[in-house]
Amino acid sequence: IPRPPALMTALPAPPSTPPRPRLPALASTAVPIGDRTFHILHPASQDELLEFYCYQPPEPSTSAYSFPADSIPYWGIIWSASLALASHILLTPRITSLFSPSASVVELGAGLGLGAAAAAAAGAGLVTVTDVDELGLEVAGRNV
């Protein structure tokens, strides 16, 4: 029995999806604080980092990319607040004196981990970094 012509038509090919952008390379920036210099790893290109995080394949009905708000990599830059925290830890003697081998420090939302690195340099025995972003957490751990 021959099939009706409508059932014999092929479905259209799905639109091609461009490959996900590659994770950007890391660079190191020297951050001097007092008599110490920290070499902080960070993404070499903020544009490439944003492309990596914001990449969402186009919906089949459109060719537009979406940029979800929860995909913004706030961890990828050295924030002035982290510079202020690290400076306060290392340059304020009464604060620096609080860090000893028995001191434990947790940096919440560590970003690149500069504050935690300063706590370790001041002598804290155990320093823990936390962040919601796994990749950011990995880079912060390398900076401490």
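Modeller: Helices here are DSSP runs of H or I with at least four residues, and they are numbered from the N terminus. The model is predicted. The part I take is helix 1, which spans residues 46-54.

First, the setting. The chain holds 5 helices and 4 strands, and along the sequence they follow the pattern β-β-α-α-α-β-α-β-α. Of its 144 residues, 33% count as buried. The accessible surface of the chain is about 9,300 Å², and carbon and sulfur atoms account for 62% of that area. Among contacts between residues at least 6 apart in sequence, 53% join residues at least 24 apart.

At the start of helix 1, a side-chain oxygen of S45 comes to within 3.4 Å of the backbone nitrogen of D47. Further along, the buried residues of the helix are L49, F52, Y53 and C54. The cover over these buried residues includes strand 2 and helix 5, the latter at residues 134-143.

L50, also in helix 1, is partly exposed because its relative accessibility is 36%, and the buried class takes in values under 20% while the exposed class takes in values over 50%. L50 belongs to a nonpolar surface patch together with I72, Y74, I77 and W79.

Strand 2, part of the cover over the helix, spans residues 36-43 and runs antiparallel to strand 1, residues 26-33, with 8 bridges joining the two. The two strands make a hairpin with 2 residues between them, and G34 in the turn has a positive phi of about 60 degrees. Within the pairing, A30 stands opposite H39 of strand 2.

H42 is another residue of strand 2. H42 counts as buried because its relative accessible area is 14%. The side chain of H42 makes a polar contact of 2.5 Å with the side chain of T29. Apart from its neighbours within four places in sequence, H42 is in contact with A25, L26, A27, S28, T29, G76 and L112.

I95 lies in helix 3, and its relative accessible area of 15% is why it counts as buried. Leaving out residues up to four places away in sequence, I95 touches H88 and I89. The C-alpha atoms of I95 and A122 are 9.3 Å apart, with 27 residues of separation along the chain. S102 sits in the loop between helix 3 (93-96) and strand 3 (104-107). With a relative accessible area of 67%, S102 is exposed. S102 and A124 lie 22 residues apart in sequence, and 6.9 Å separates their C-alpha atoms.

How values were computed. Residues numbered from 1 in each chain as written. Predicted model: local features only at pLDDT ≥ 70, side-chain atom pairs only at ≥ 80, totals over all residues. Heavy atoms only, no water. Patch = residues over 30% accessible without salt bridge, like charges linked within 9 Å, V, L, I, M, F, W, Y side chains within 5 Å. Areas by Shrake-Rupley, 256 points an atom, 1.4 Å probe, with all protein chains shown as cover. Salt bridge = Lys/Arg side-chain N within 4 Å of Asp/Glu carboxyl O. Buried < 20%, exposed > 50% of the residue type's maximum accessible area, 1.4 Å probe, protein only. Pairing = 2+ DSSP bridges. Contact = heavy atoms within 4.5 Å. Polar contact = N/O pair within 3.5 Å; in protein donor to acceptor, adjacent residues only side chain to side chain.
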